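Have a look at the model first, then read along with it open.

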Amino acid sequence: MNSSLDDGTWIWHPKWVESANKNSAGGFVHFRKSVFIREVPLESAHIQITADTKYKLYINSQLVSIGPVKGDEHLWFCDELDIRPYLRRGTNHISIRVLRFYFATPYATSFARSPYGGLLVRSSGGKDHIGFSLKSDDSWETALDLSTRLPTNIKEDDFLHIYEQVDKRKEGSLVWVPAIHLEFPNSHGLSSPWKLSPRLIPTAQIEPKSFVAIHNVRSTIPIVEWERFFHLNSVHECAMIRLPTGSTHHLELEVDHLLTAWLDFRFERPMNDGSILRVTYSECYEDPPELVPYIRCKSNRRDSTKKILGPVDQYIFGGKAGTTSLHYDSSEEKAENFAPFHFRTFRFIALDISVAESSDLVMTGVDILETHYPLQVLAELRFGAEEVSKMYPELFETSIRTLKNCMHDCYEDCPFYEQLQYAMDVRSSAIFTYAVSSDDRLARQAIIQLHNSYSPNIGLTTSRAPSQQKQIIPHFSLFWICMVADHFEYFGDADFTRRFLPACDGIFDTFARRIDPTTGLVRSLTPLDKQWDFVDWTKSWKPFGVPPQAATGFQTYTNSLYAYSLKKCAIFLDTIGRPAIAVEYLARADAIARAIKAQCFDGCFFTDGLASTRGELKSCPSQTNQVWAVLCGAISGEPARELLSHCLSSADFVPTSSAMSFYVLRALSMVGGGLYDDMFHSFWNPWREQLSQGLTTWVEDDVSKRSDCHAWGSAPLYEFLAEVVGVRPALPGWAAIAFEPRFTLISNMNAKVPFMIKEVVAVVHVKWWQNSQNATVISFRIDSDIEFERPVRVRLPNKEFEVQLTSSKSNAIFTVPL
């Protein structure tokens, strides 16, 4: 991107009021400009565009771009586009609609913004490049959109505030005025509030979808007509449906899986105004919640005898009198459509339509365009026909779908409720992404954005970034460090990793300053710290996900995670030439692990805090702290195997949630002795139970049952590829490949595992099968567009060795006797 981009002129509406309006989270501003060209450019015509907070660009009534990628004060993204395909000879209409969330409010938490609304447009090569001058200046006209409000009082929406109340009867009063320049200093180290950067990730993928079922129709129109209209009856379809004056209609529509999508509700423009469309979005059918929106009552997600509950869009039609030429749609005069500005998350929607007394309303369709980050899934798994692996393909596909739904501008915790990029959540999502695609672009952006939130004053990152509200969960800073270590393990990018070392060291120092000299443990936070020591969502730790023993001053989990993160960081420090710091970190980790064993182990299991205080609170031990004691090295070998075997099969321990599933499996793998294999098939019973309840994505947790889509439940992606197929990096950046197949779990396997070499994707092909002597035959091959050699460190039962393989040439065959 042109380095002079920061010199561009920002424009805005002269009468905009940056209001802390409790009735709306923000507002919309229209911009328009017409340009005349004699000929369409022969070559590409690039422009650069960004806005605060979001924009939609239209040229000649065609949607060109939606942006920018979510940013914040440290990094604001700008899109570079080729607009040549949208230009025509003669007059060209360029229209931009900007969504501006108010700055000084807690609303729309996942959309960080500066104190100023603004729009920047410029041709990246000047006038000669595209044949006309295109820049944001006072030649643009602008108007405030008075028809749309973003309500803040929807109980089902406590975070996003993207849902719209639209009254198109107000659109006829648009007043167009020249845009004004926003004046900012640009010298002596001063600049505009936006630190501009080209986007770091590719544009979103879109795919048309359609409804698959209709339920609970209450309408004067027969259900068979609705089925024809929504193409649910392939024999007789219809292109429109006429709703008579004064009528009301309720229908509930289902898509085949929970998705994130752009929606467009299409109607003929009615003669008169006043008809109302209400759209309710829901992940499932459910009983009335215990606490809206946080504690839900869900069972069979497709039980249509229950209710569709969720946030609502409302659209009041403007009719012929409300016609305004905004050039957002080529059929504006004849059609009146409602297309929400932001994508929606749903599996079910309820439509409630009230037709005005003065004119019919003709519905012509509902367009659904599923959208998410363009994740290219290169991993493949084909299982044998044995009963034990019968549901594993569905587990794998559901995990892919869940992960994709949580990938847009950034990684997201749950797309329906928050769309926030939390470090703990992202660490799992990034690893799962590496496993199935070897794509690190969204992860790199996440690492950078969370790093930008680091505050030297407190020595921690925020729990989530970008975000309009700063939230501190100290444990999440340690998960961010693990993200940095994971990225180095998979991609070996030393230059990228080094830039984060000062923040990593600062975070470790923050925890070190809390070490109590008597116990040798990191102390818990106090209420005065204004921070949240969240651990996991379990029933016994409601409502904040913190063990009761934290109140005694110490958390075992804090210390285990601290030691674990020190060890993860030490591995890459040693590799990139910082061996002295690596030795220091390992020594600190070992000291903490010894203190955990001395202070938080009662001789049978690890307590949630000091072992001496457990009896005071009468709290049950937790699976979480047995798992993390193993991961940090406080216990190992046969005692660790016995501890995990007991706690994971006993009802006397507070169970982990799906958020911790990845870490439970890492501990099982770490202790060895066949325990991972022994527990593997039964471990997925909670996932099987979700499928039996009609879920198409994995839940956030089974305590609140709030969200039906959260990517930390996609652990099958890593487990099947890295543990069962057994392919993972043995050295950073796949300089050596580890191969340890668990072929006793599944007797026949055909798999592909992707990885990255010199920015080129390579794929490991693994097969195994039983020969006529009942021996297992294993095949291992590397395919790539470039030729390279790699050592493969093979570990089979009672046998370890290394083979050197050349990509696309060598095929190693191993036979393991019965």
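1. Let's start with the rings. How many aromatic pairs does the structure hold? There are 64 aromatic pairs, where rings of Phe, Tyr and Trp (its six-membered ring) pair if their centres lie within 6.5 Å, and planes under 30 degrees apart count as stacked, over 60 as edge-to-face and the rest as tilted. Take Phe479 and Trp628, an edge-to-face pair with 6.3 Å from centre to centre and 80° between the planes. Phe479 belongs to helix α6 and Trp628 to helix α12 (residues 623-632), so this pair ties together parts 149 residues apart in sequence. Phe479 and Trp628 are both buried, and buried means under 20% relative accessible area, with exposed over 50% and partly exposed in between (1.4 Å probe, protein chains only).

2. Before going on, some ground rules. This is a predicted model, in which local features need pLDDT of at least 70 and side-chain atom pairs count only at pLDDT 80 or more, while totals for chains, interfaces and linings use all residues. Residues are numbered from 1 along each chain as its sequence is written, and side-chain values use heavy atoms, leaving out hydrogens and water.

3. The charged end of Arg97 is over the ring of Phe28, 4.0 Å from its centre. Arg444 has its charged end over the ring of Phe496, again 4.0 Å from the centre. The rule here is that NZ of Lys or CZ of Arg is within 6 Å of the ring centre and within 35 degrees of the ring normal.

4. Now find helix α8. Its 12 residues reach 16 Å from the first C-alpha to the last, close to the 16 Å expected at 1.5 Å a residue; the expected span is 1.5 Å times one less than the number of residues. Buried residues in α8 include Leu501, Cys504, Ile507 and Phe511. What covers the buried residues of α8? The cover includes α5 (441-452), α6 (474-491), α7 (494-498), α9 and α10 (579-599).

5. Trp537 counts as partly exposed, at 24% relative accessibility. Trp537 and Asp701 are 164 residues apart in sequence, yet 6.8 Å apart in space, C-alpha to C-alpha. Thr538 lies in the loop between α8 and α9 too, but Thr538 is buried, with a relative accessible area of 5%. Leaving aside neighbours within four places in sequence, Thr538 is in contact (heavy atoms within 4.5 Å) with Val654, Pro655 and Val703.

6. Next, strand β29. Eight of the nine residues of β29 (residues 749-757) are buried, so the strand is largely enclosed by the rest of the structure. β29 pairs in the antiparallel sense with β26 (residues 380-383) over four bridges, and two strands pair if DSSP finds at least two bridges between them. Here Phe383 has Met749 as its bridge partner. β29 also pairs antiparallel with β30 (residues 760-770), over nine bridges. In the hairpin of β29 and β30, with two residues between the strands, Lys758 takes a positive phi near 50°.

7. Is Arg742 buried or exposed? Arg742 is buried, with a relative accessible area of 13%. Its side chain makes a polar contact of 2.7 Å with that of Asp677. A polar contact is a pair of N or O atoms within 3.5 Å; within protein, one must be able to donate a hydrogen and the other to accept it, and residues adjacent in sequence count only if both atoms are side-chain atoms.

8. Last one: His681, in helix α15 (residues 675-683). His681 counts as partly exposed, at 22% relative accessibility. A polar contact of 2.6 Å joins the side chains of His681 and Tyr392. His681 and Ser389 are 292 residues apart in sequence and 8.6 Å apart in space, C-alpha to C-alpha.
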